Amino acid sequence: MSIYTKTGDKGTTALFDGNRVKKYDDRVETYGSFDELNAEISVAEKFVTSNENKALLRNVERQLFYVCAELATEDESALVSKIVITEDDINELEKVIDAYTLKLPKVDSFVLPGSSKAGAFLHSARTIARRAERLLVRFSEQTAVRNELLKFVNRLSDFLYILAREEDFRQMLDKATKLIVAKYLEQTEQKPSTTSDLSFSFCGKLMHQVQVVSEEVGVPVTLAIVDAHGNARFNYRMEHALLVSAELATKKAYSAVAMKTSTEKLTEAVQPGAPLYQLETLTNGDIVTFGGGVPIYGKDGAIIGGMGISGGSVEEDIHIAKKALSMIEKG
């Protein structure tokens, strides 16, 4: 069957309800712009690197079909029982906008449109959404348009803007993290390895040394040890150590493995304007960036795990962690 019908050869097109109008009719211009927007969002979706963002964009693509169908219908009765945009759809967009705004750095100046491919396409989609909204507002002055549709379209450009910012920021963060890790690995001449010898005997010896050093310092602490994949292997909380130290020690050990460096080295990198700014927020607090987390290396020079010390000041935790580990290495 041919895809062309020849019914539009005289400059008219059929609406959803069968009525025919001129191809330059404001109604056609309006829903045609939303169709263009949907195509641009489809392109952007192919470049976003977050599964959550992909799912959000695919859902918006479906919603835009409903928008176009409603706008392409003169006879309101033809929309009876059809799916239309509701207040719930508006609320869902607002939830995403609010959640992403909270986790992203505040913006104090104009944002350039896209530092990543995904961000650039999302910003492009945002500008189309604004144009389509302008056309819809003008069209609504001629023909009745549901208020829910106007509100949804207004939120849509904000939604695309915040997704663009999230993609730009997260991809920048991922890139910066990889560069920092690569630089550190180059400096320490580490080689990838799956070797793991974090035996119970080793953990016991390390626990003993931690206790010796912590008693010298006069601060009870918690020791946590994780393997090369960040999985917990050993945990010991000294009597009278702060209750919160148990959770923090584990996070420090995990962070040392995840970032392949001692955690105090991350402090400078997470300051405002630095490459890893808001790293802790974007990792839901799983990564900590203050001292007390130290990588553990195997005999072949590869990282086989991480240890975390918590309970004292940052300086005390760093001192206890590194001295205890060095005493094991000397032994």
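**Close-up views of a predicted model**

Cysteine 203 is buried, at a relative accessible area of 2% (buried is under 20%, exposed over 50%, partly exposed in between; 1.4 Å probe, protein chains only). The model is predicted: local features need pLDDT of at least 70 and side-chain atom pairs pLDDT 80 or more, while totals for chains, interfaces and linings use all residues. Residues are numbered from 1 along each chain as its sequence is written, and side-chain values use heavy atoms, without hydrogens and water.

View A. The disulfide count is zero, the criterion being a pair of cysteine sulfur atoms within 2.5 Å.

**View B. The stacked pair of phenylalanine 47 and phenylalanine 121.** The ring centres are 5.0 Å apart and the planes 25° apart (rings of Phe, Tyr and Trp, the latter by its six-membered ring, pair with centres within 6.5 Å; under 30 degrees is stacked, over 60 edge-to-face, the rest tilted). Phenylalanine 47 lies in the loop between helix H1 (26–45) and helix H2 (51–71) and phenylalanine 121 in helix H4 (residues 117–140), so the pair ties together parts 74 residues apart in sequence. Helices are DSSP runs (H or I, at least four residues), numbered from the N terminus. Phenylalanine 47 is partly exposed at 35% relative accessible area, as is phenylalanine 121 at 26%.

**View C. Lysine 103 over tyrosine 100.** The charged end of lysine 103 is 4.6 Å from the ring centre of tyrosine 100 (NZ of Lys or CZ of Arg within 6 Å of the ring centre and within 35 degrees of the ring normal).

Notes. Helices (H or I, at least four residues) and strands (E, at least two) are DSSP runs, numbered from the N terminus.
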